[in-house]
Amino acid sequence: MRISAKADYAIRALVELAADAGRPLVCEGIAAAQHIPYRFLKSIMRDLRRAGLVRSQRGCEGGYWLGRAAADITLADVVGAVDGELLTVHGASPDDPADATRAPAVTAVWRAVQARTEEILTGVTLADLLTETPPEPAATLLGLVPARA
């Protein structure tokens, strides 16, 4: 699986906004702090605004804020806003019925990868990323905390 630069930058930009909640940040500042190409970040912020993950205001008092609380924005929300569907195989969803008839065992593996990916990305919020420790469920998968029964 490959995480796009767009998704990585979007998450990093939103973490920057979450860390400075309450005051607007301008793209230039976010780009510099997170080492994101400025022009690329402007495009990403448009996608995030359309998805309601950020709000913006123009002018000297303007900038970007989170559109919702950091605890209410999951990584799945962010990836979906900038990249669309989380997992595709040859451009199609693993749930495509045509794919299931060709190689059922392979399709089952892709569905499991999709389910696990969605579990992780929906289980981690921006607020979780503001801490020093890896968030659940990533910490469990890394063996840092015991799995829940």
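A pocket, on a 1 Å grid over the protein atoms alone, is an open set of points where a 1.4 Å probe fits, with protein on both sides within 12 Å along at least five of seven lines; lining residues have an atom within 4 Å of a point. Its volume is the space filled by probe spheres set on the points, with grid points joined across faces, edges and corners.

This is a predicted model, where local features need pLDDT of at least 70 and side-chain atom pairs count only at pLDDT 80 or more, while totals for chains, interfaces and linings use all residues. Residues are numbered from 1 along each chain as its sequence is written, and side-chain values use heavy atoms, leaving out hydrogens and water.

**View 1. Here's the largest pocket, with about 260 Å³ of space in it.** Of its 14 lining residues, Lys 42, Ser 56, Gln 57, Arg 58 and Tyr 64 sit closest to the centre. Helix α3 gives the largest share of the lining, 4 residues. At least two lining residues each come from α2, α3, β1 and β2 (helices are DSSP runs of H or I, at least four residues; strands are runs of E, at least two; both are numbered from the N terminus).

**View 2. Now look at α3 and its buried residues.** Those are Leu 41, Ile 44, Met 45, Asp 47 and Leu 48 (buried is under 20% relative accessible area, exposed over 50%, partly exposed in between, with a 1.4 Å probe and protein chains only). Down the helix axis they fall within an arc of 160 degrees, so they line one face of α3; the arc is that of the directions from the axis to the C-beta atoms. Over on the other side, Arg 39 and Arg 50 are exposed. The cover over the buried residues includes α1, α2, β1, β2 and α4.

**View 3. Meet the largest nonpolar core, with its 32 residues.** A nonpolar core is a set of buried Ala, Val, Leu, Ile, Met, Phe, Trp, Tyr and Cys residues joined through side-chain atoms within 4.5 Å. Leu 17, Met 45, Leu 48 and Leu 126 touch the most other members. Helix α1 gives the most to this core, 9 residues.

**View 4. Finally, find His 35 in the loop between α2 and α3.** His 35 isn't a glycine, yet its phi is positive, about 55 degrees. At 66% relative accessibility, His 35 counts as exposed.

How values were computed
Contact means heavy atoms within 4.5 Å.
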